[in-house]
Structures are given as structure tokens and as C-alpha cells.
Amino acid sequence: MSPKTRAYLEKLYQLLERMPEDERLDAIREIESHIAEGVAGGQSEDAILARLGDPRVLAKAYRSEYIMEKGSARSFKDVMLMAGFYCSTGLLSIMVIPVLATIAYGFGFCSVLIFIAGFIRTFGVTWIQMNLGPGIEVPTEWSMLYSTIIGGIIGGIAYLSWRGLRIYMNFLSASYKKLLPSSRAA
């Protein structure tokens, strides 16, 4: 076996680290056997490795297959953890993700429009109205300052919503990964 093939198999072995040892070894033996059969059939190792592709993709396929095969062997605890996770985060996500995304992008867009409106009004565009309340109009010369303050507040809300959305999505991803049988077996 060439050093290139050995390096490929070692990389694949490392990428399968979350699987049980016997499953990892079975996968490596299967690929090693496939390469040996191809070489015995007259193919070059380089051509076989090229056909096998990126070891990360191959490892992902093996991990997915392992998870699907283990489906019937999940414990009651595993099933309850998964059900609780999907029910709570799934239903909660239907509300949280769209609301935070709408606030983040909508308020972000509005803050930009407020800055532009303040800038334009400062230079004499009279059809843009800026009021502090009923009957209290912002003087034209204060338009830029007013729009900067209000746009900053709305932009801050947009930023906090965007950060909250990212934190929530990272939480969901981390929680999902913890539920996968392959990540708990490691």
C-alpha cells in the first residue's frame, strides 16, 4: 500500500472518531479491501482514491449510515431526549426564528432609511416629516442629530435581535449534535 493510500485511510479513521471502534475498523477494512481489489483489477491507486473522493464526505456517509442502522437500537432515554428536543425547540423555533429574523433585518433596513431621511431633510427636503410627538416637529437643522439618535436606537435593536438569532441557532445546533448517538458514543 502506498503512503498516499495509507494517509487517506488514516484521515478517514480520524474523521470517524465519533463512531464505536469496531464500526470504524469495519469501515477502514471495507475501503482498504475496495482499494486492494481495484489495484488487483489493474486500476491505479490514484484513480481509486479519486473515485472515492474526499475522506470527509466518505466519513459523513459512514456516520449517517451508522446512525440510520442504530435507529432501532436507541434506548428509551435516547428516544425521549429526541422527542423532547424536537417538540420544544421545533415549536419554539416556529415563533422565535421568524420574529428575531424579521426584527433584525426589518429594523436594520429601517435604521438605514432613517439615517438617509435625516441626511436628506437636513439639506432642505421639506416633504420628510420628523416629529417628537403630536404637533412637535423637529427643526430642520436638528434632523441629522435626531435621525442619528433614533436610527442608532433602532439599529441597536436590530443588532441585538441578530445576535439573539445567532445565539439561538448555535444553541439549536449544539443541542442537536448532543442528541446524535454518534456524538454521545465518543
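1. Arg 29 forms a salt bridge with Asp 26, their closest N and O atoms being 3.0 Å apart. For a salt bridge, a side-chain nitrogen of Lys or Arg has to be within 4 Å of a carboxyl oxygen of Asp or Glu. Asp 26 is partly exposed too, with a relative accessible area of 41%.

2. A word on the ground rules. This is a predicted model, where local features need pLDDT of at least 70 and side-chain atom pairs count only at pLDDT 80 or more, while totals for chains, interfaces and linings use all residues. Residues are numbered from 1 along each chain as its sequence is written, and side-chain values use heavy atoms, with hydrogens and water left out.

3. On to H2 as a whole. Helices are DSSP runs (H or I, at least four residues; strands are E, at least two), numbered from the N terminus. H2 covers residues 21-40, 20 residues in all, and reaches 28 Å from first C-alpha to last, close to the expected 28 Å; the expected span is 1.5 Å times one less than the number of residues. Just after H2, Gly 42 takes a positive phi of about 100°.

4. Which residues of H2 are buried? They are Arg 24, Ala 27, Ile 28, Ile 31, Ile 35 and Gly 38. Seen down the axis, these buried residues fall within an arc of 95°, so they line one face of H2; the arc is taken from the directions from the helix axis to the C-beta atoms. The face turned away from that buried side carries the exposed Glu 37 and Ala 40.

5. The largest nonpolar core has 16 residues, and Leu 12, Leu 16, Ile 31, Leu 52 and Tyr 62 have the most contacts inside it. Helices H1 (3-15), H2, H3 (45-52) and H4 (55-70) each supply at least two of its residues. Such a core is a set of buried Ala, Val, Leu, Ile, Met, Phe, Trp, Tyr and Cys residues joined through side-chain atoms within 4.5 Å. Leaving out residues up to four places away, Leu 52 touches Tyr 8, Ile 31, His 34 and Ile 35.

6. The structure holds five salt bridges. One of them pairs the side chains of Lys 4 and Asp 46 at 3.2 Å, N to O. Lys 4 lies in H1 and Asp 46 in H3, so this pair ties together parts 42 residues apart in sequence. Lys 4 is exposed at 51% relative accessible area, whereas Asp 46 is partly exposed at 45%.

Terms used:
Buried < 20%, exposed > 50% of the residue type's maximum accessible area, 1.4 Å probe, protein only. Contact = heavy atoms within 4.5 Å.
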